[in-house]
Amino acid sequence: MPIHFGTDGWRAVISDSFTFSNLRMVSQAIADAVASDHWDKSENVDSKKIVVGYDTRFLSDRFAGEVGRVLAANGFTVLLAQSDSPTPAISYAVKNNNAIAGVMITASHNAPRYNGVKLKGAFGGSALPEQCRRVEVYINDNEEQARGPNLMDYNKAREAGLIQRFNPLPAYFDHLRKLINTDVIAENPQRFVADAMYGSGRGVIKSFLQGTGCEVYEIRGEMNPGFGGVHPEPIAKNLGALSSAVSSGFGNFGVVTDGDADRIGAMDERGNFVDPHKIMALSLKYLVEKRGMSGAVVRTVSTTRMLDRLAKRYGVKIYETPVGFNHIADIMMNEDVLIGGEESGGISFKGHIPEGDGPIMGLLIVEMLAAYGKSLGELVNDLLADVGPAFYERVDLRLSRPVAKAEMTEFLTKNAPAEIGGAKVSEISQRDGVKYIMSDDSWLLVRPSGTEPVLRVYAEGRTNDMVKALLGYGKSVAESVV
């Protein structure tokens, strides 16, 4: 089966196509791509240094060691994490150590049987699409030329100083202390539950808050490569454990990070899931109104328009991008951006790396609650009374065959309705799939998944009935396309 190295790297089922030999091939292609003239080599970057990290999945530590052996055999000095670490901590380590690239062994929020490789650029975010394409070119080229990977004995590489073990957390924490106001937190310490979902965010939020007086009760923080049989994705249906911990009185709210801790979710005092739409809108409000910060807002096409209403109020620019944090990162690196994020929970803000970061957003929630002196439920209610109401839902429809995006976009644009659920369709966007925007700011988005035969239908409405009407319409249209 050919290895497809996409913009989010490579993911596959362990021992099916995610094998040691395929991983060595991918590692060799990464070494070739980074060494090539096409790789971005700015002056202050050490073109022979690469950071390698890994999450809590089955064999991730061994896979990371194997990547290190291949890179060392190609003459790179490898900074290899001592233990499982959050993806954002590894991304920050790339930038902080002036390394030319980073490799993270993770399949993020995918099912436990998967593992994967994420590639990081020198700037501390996901590698650019053209860099990922370059890796794929080398994978194919090496295969055609029957060129196997270079490989160095692990112990010899250690003795030669080509593989160096390091702990990415101290430098990452020093950086977070510049972005999170621990004095505000210490003045009003919070009692809450941190749910690591058995991922590599385990212990991170709790360790950072030591000495602030917060009582952090961590759940699902032990090593469990099967993730307790639950996908490590912070969405409502996977958070039964967090809900029972909060309702049993272990904390007044909960924050949750995914398998590699680059996504965030939360739960209020009554066990209601607080989704990334609300987290991002609350964060924008807090950063502007309490911290006096400014800058543009970047959101993906599938993220709440509460952000648009706030941006308009603050007189700041709003950018809409296709789905995928790499699109957000592009704008964060080139413009003055206050906050950027997406519906799936990848969010970052000014001063930080252009990468979704679960721990920093969890800490910002803690700071927010300490500063406002209100409960999370109260803050959400205030937000909805202010720029809501906003109800959101997404359904994924399995397809009998993959649909061509262009064909579907054309069909949905040509056959656009005049109204849905009693509201006029006032705008149609084709940024990523097709999005119908209603006169009351409700919206419906239909887009094919880039990775599987699934059609995703997203809706945000001003009432629950509106969401149902939008989703109902979306489903019927989706069926007619296929």
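**Ground rules.** I count two strands as paired if DSSP finds at least two bridges between them. Helices (H or I, at least four residues) and strands (E, at least two) are DSSP runs, numbered from the N terminus. The model is predicted, so I noted that local features need pLDDT of at least 70 and side-chain atom pairs count only at pLDDT 80 or more, while totals for chains, interfaces and linings use all residues. Residues are numbered from 1 along each chain as its sequence is written, and side-chain values use heavy atoms, with hydrogens and water left out.

**Entry 1: strand β1.** I began with β1, residues 10–13, which pairs with β5 (residues 114–121) in the antiparallel sense over four bridges. Across from Arg11 I found Gly116 of β5. Next I asked which side chains of β1 are buried. Buried here means under 20% relative accessible area, exposed means over 50%, and partly exposed is in between (1.4 Å probe, protein chains only).

**Entry 2: the six-stranded sheet.** I then followed the open sheet that β1 belongs to, and its order is β1-β5-β4-β2-β3-β6, with mixed pairing. Its edge strands are β1 and β6 (163–166), each pairing on one side only. From one strand to the next the twist averages 20°; axes are lines fitted to C-alpha atoms, for helices over the stretch in contact, and angles run from 0 to 180 degrees between N-to-C directions. β4 and β5 run antiparallel and are joined by five bridges, with Val103 opposite Leu119 in β5. Helix α3 (residues 87–96) lies across β2, β3, β4, β5 and β6, at about 165° to β4.

**Entry 3: helix α1.** How far apart are the end C-alpha atoms of α1? They are 22 Å apart, which agrees with the 22 Å that its 16 residues should span at 1.5 Å a residue; the expected span is 1.5 Å times one less than the number of residues. Among the buried residues of α1 are Leu23, Val26, Ile30 and Val34. The cover over its buried residues includes β1, β2, α2, β4, β5 and α4, where contact means heavy atoms within 4.5 Å.

I also looked up Ala35, which is in α1. Ala35 is partly exposed, because its relative accessible area is 46%. Leaving out residues up to four places away in sequence, Ala35 touches Lys41 and Phe76.

**Entry 4: the other sheet.** Four strands make an open sheet in the order β13-β12-β14-β15, again with mixed pairing. β13 (318–321) and β15 (347–349) are the edge strands. β12 and β14 run parallel, joined by four bridges, and Val297 stands opposite Ile339 in β14.

**Entry 5: the cores.** A nonpolar core is a set of buried Ala, Val, Leu, Ile, Met, Phe, Trp, Tyr and Cys residues joined through side-chain atoms within 4.5 Å. Which members of the largest one touch the most others? Of its 53 residues, they are Phe192, Leu209, Phe349 and Ile365. Helix α13 (residues 358–372) gives the most to this core, eight residues. Apart from it lies another core of 50 residues, including Ala12 and Val26.
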